[in-house]
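Colleague: Please show me the model, so that we may go through its contacts and side-chain pairs together.

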Amino acid sequence: MSVSLRNTLKDPALRASALAIFFFGTTGAATSPYQSIIGIQELGLSDSGYAVLMFSAAAINVTASVLMGILADRMGDYRTSILYISLFGVAGFGLVYLAASVPAFVASKLILLPIYGALNSLIFAYIRASSTGQTAARLIAINSTMRATLSLSWVLMPGIVGVMLAGASSILPAYLVATIAAIACFLLAAFQFPKPQVQPERRTEERYRFLASLREVFETRVMLRILAIALICSMLHINDAILPLIVTGQAGGTVGDVGIIIGIVALLEIIFIIVWGRAERWLTAVRALAIGAGLYALYLLLQGFVSTTWHVYAQTILSGIAAAAIISLPITYLQDLIADRPGLGSSLIAVNIFLSAGLSAVIFAVGTAIGSYGLVAILGALVGSAGIALLLVLDGTRRRTV
């Protein structure tokens, strides 16, 4: 275990946060692989209805994340916000499992679970607020540890839940697992997150008001940098969409190959998230991210030309190393865009996820309309490269902070 990881987990607030991040990840890892099957095949939603539901849920999630970030900043209390938002997860996952109906699924996915999704940003806001006074290098190391913990849940839980559901008549018990994990998040916030030594001060200054806070998000300085990160992160979403299609299509592989490849990459991500977190000893975070994103663009470019399964297996090393940079380094960068507002700055994580997912959907639609899945990969590499160029123009001369 690295020194930075040991030091992070020694702190009671950070240790509890790491556990909360793991259980938050567990709720998604247990249900996301099966939600389309449950919604469409078990509960009878149409394909178009499911697509509209997922887009609406994403829009509500990013809105809830920003609003909760503004509210938590104004209250000066991130622990209480985490406590109550966790209950939306308990209610949302529990409703689907217990009611097992289309109205319950729609209500859960459209209202309860998008609000619960704001928990990710709130936990990172709590971590940021609990790490006041830390150096930039230390903040990157802390966020890298937390992101590795989140990835760990995605390595472990799909396989565990898959074994549990093997031979079962329904896959709704996946939502029971998620309900238990959401309860764990609530209990951690209630009993393990250190309570403030003094009553948090409610901020009443003008900049903490709703419209003033939104203006900070939509400043040109902030939006250009979010756009750069979204262009880079869109490569991850593109790969998620096309990897199974390329493996089972032009590479001639099987569904089993897809699972093995994803598992290999996830394990590599956990290792290299920590490595990238330590890279700030000799690189700025911006340059480290640019290097990692450049490697991922190269991976996508190669992905566009694969013709056999071993090509994809050979690329997992490059994919795992590069993806680790893209999923970990932007967290601190985005928080630093509004550095003195932990809640609002951390809500930019959700804004980035929404924008990058939307960009990837457009790229996928264009690529498949005029060519193959391989062309989508190549277009994704080009879009990611544009994001790298924009990032370097904006912040490429920033000095390393220790």
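Colleague: Which residues does Ser 319 touch, not counting residues up to four places away in sequence?

Modeller: This is a predicted model, in which local features need pLDDT of at least 70, side-chain atom pairs count only at pLDDT 80 or more, and totals for chains, interfaces and linings use all residues. Residues are numbered from 1 along each chain as its sequence is written, and side-chain values use heavy atoms, with hydrogens and water left out. Ser 319 lies in helix 14, helices being DSSP runs (H or I, at least four residues) numbered from the N terminus. With contact meaning heavy atoms within 4.5 Å, Ser 319 touches Val 265, Tyr 296 and Tyr 299.

Colleague: Is Ser 319 buried or exposed?

Modeller: Buried means under 20% relative accessible area, exposed over 50%, and partly exposed in between (1.4 Å probe, protein chains only). Ser 319 has a relative accessibility of 3%, so the residue counts as buried.

Colleague: How many salt bridges does a search of the whole structure find?

Modeller: Side chains of opposite charge can pair when their charged atoms come close. The criterion is a side-chain nitrogen of Lys or Arg within 4 Å of a carboxyl oxygen of Asp or Glu. Applied to the whole structure, the search finds five.

Colleague: Which parts does the salt bridge of Asp 336 and Arg 128 tie together?

Modeller: The two side chains meet at 2.5 Å, N to O. Asp 336 is partly exposed at 32% relative accessible area, whereas Arg 128 is buried at 11%. The pair ties together parts 208 residues apart in sequence, because Arg 128 lies in helix 7 (residues 119-130) and Asp 336 in helix 14 (residues 309-337).

Colleague: At what angle do helix 2 and helix 8 pack?

Modeller: Axes are lines fitted to C-alpha atoms, for helices over the stretch in contact, and angles run from 0 to 180 degrees between N-to-C directions. The axes of helix 2 (residues 12-31) and helix 8 (residues 136-165) are 8 Å apart, and the contact includes Ile 21 and Phe 22 of helix 2 and Met 146 and Leu 150 of helix 8. The packing angle is about 35 degrees.

Colleague: How many disulfides does the structure hold?

Modeller: A disulfide is a pair of cysteine sulfur atoms within 2.5 Å. Cys 185 is buried at 2% relative accessibility, and Cys 233 is buried at 7%. The number of disulfides in the structure is zero.

Colleague: What phi does Ala 100 have?

Modeller: Most residues other than glycine have a negative phi. Ala 100 lies in the loop between helix 5 (78-99) and helix 6 (102-116) and is partly exposed, with a relative accessible area of 34%. Although not a glycine, Ala 100 has a positive phi of about 50 degrees.

Notes: Helix = DSSP H or I, 4+ residues; strand = E, 2+ residues; numbered from the N terminus.
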